[in-house]
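Hi,

Here is the structure I promised to pass on to you. Have a look at it first, and then read my notes below.

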Amino acid sequence: MEAAAEADDDTLILRLLDERPEEALDRRARLWLLDPAGEHVAHVTELSESVTIVGRQPDCVICLPSSTVSRRHAQVRREGGQYYLQDLNSTNGTLLNREPVIGEELLHDRDEIGVGIYRLIFRYS
């Protein structure tokens, strides 16, 4: 049953990515925050700063209000034309494509980031 649920998640993410909203068509980096049910993109954040902090604290660029998210949970850092994901010693860890982030990981277009109960999709197209 769990494998079927994962397949459904994969199918849903592929469908969302194929929709390609207008804001993802130019060559800029963005994070798509999926709604809690995972059925559509709830919010899009352009990664315009050199460092984007994701966490529960209200001053984070991407604020995720849940006890499963640390105050300063993770960061996305831009270096040249590349983006890197790093966990900031969060309590529950950060996932990249369902694997724990160790150190700093290079992000690729359509990577899935897991922060607590939330899923974000990195777009760089």
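Let's start with Cys63, which counts as partly exposed at 35% relative accessibility. Here, buried means under 20% relative accessible area, exposed means over 50%, and partly exposed is in between (1.4 Å probe, protein chains only). Cys60, on the other hand, is buried, with a relative accessible area of 7%. Before you go on, note that this is a predicted model: local features need pLDDT of at least 70, side-chain atom pairs count only at pLDDT 80 or more, and totals for chains, interfaces and linings use all residues. Residues are numbered from 1 along each chain as its sequence is written, and side-chain values use heavy atoms, with hydrogens and water left out.

Back to those cysteines: how far is the sulfur of Cys63 from the closest cysteine sulfur? That closest sulfur is in Cys60, 6.3 Å away, so it is too far for a bond. A disulfide is a covalent bond between the sulfur atoms of two cysteines. The rule used here asks for a pair of cysteine sulfur atoms within 2.5 Å, and by that rule the count of disulfides comes to zero.

Now the overall layout. The protein chain has one helix and eleven strands; helices (H or I, at least four residues) and strands (E, at least two) are DSSP runs, numbered from the N terminus. Reading along the sequence, you get the pattern α-β-β-β-β-β-β-β-β-β-β-β. Of the chain's 125 residues, 42% count as buried. Its accessible surface comes to about 7,100 Å², and 49% of that belongs to carbon and sulfur atoms. Those areas come from the Shrake-Rupley method with a 1.4 Å probe, and for residues only the protein chains shown count as cover.

Next, the sheets. Two strands pair if DSSP finds at least two bridges between them. Five strands form an open sheet in the order β4-β3-β5-β6-β9, with mixed pairing. Its edge strands are β4 (62-63) and β9 (104-106), each pairing on one side only. Inside this sheet, β3 (residues 51-55) runs antiparallel to β5, and four bridges join the two. If you want to find that pairing by eye, look for Val51, which stands opposite Arg77 in β5.

Another open sheet has six strands in the order β2-β1-β11-β10-β7-β8, and here the pairing is antiparallel. What stands at its edges? That would be β2 (41-46) and β8 (99-100), each with a single partner strand, so one side of each is left without a neighbour in the sheet. Between β1 and β11 there are five bridges, in the antiparallel sense. Arg30 lies in β1 and stands opposite Arg123 in β11. Is Arg30 buried or exposed? Arg30 counts as buried, at 5% relative accessibility.

On to the core. A nonpolar core is a set of buried Ala, Val, Leu, Ile, Met, Phe, Trp, Tyr and Cys residues joined through side-chain atoms within 4.5 Å. The largest one has 21 residues, and Leu31, Leu64, Tyr83, Leu85, Leu107, Ile113 and Phe122 touch the most other members. The elements giving two or more residues to this core are β1 (29-34), β5 (74-79), β6 (82-87), β10 (111-115) and β11 (118-124). With four residues, β11 gives the most. For Leu85, the residues in contact (heavy atoms within 4.5 Å) include Val76, Leu95, Val101, Leu107 and Ile113, leaving aside residues up to four places away in sequence.

Finally, the rings. Rings of Phe, Tyr and Trp (its six-membered ring) pair if their centres lie within 6.5 Å; planes under 30 degrees apart count as stacked, over 60 as edge-to-face and the rest as tilted. That gives three aromatic pairs. One of them is Tyr83 with Phe122, a tilted pair at 5.6 Å centre to centre and 50 degrees between the planes. This pair links distant parts of the chain, since Tyr83 is in β6 and Phe122 is in β11, 39 residues apart. Tyr83 is buried at 6% relative accessibility, and Phe122 is buried at 0%. Phe122 also forms a tilted pair with Tyr124, at 6.2 Å and 35 degrees. Together, ring pairs link Tyr83, Phe122 and Tyr124 into a cluster.

Cheers
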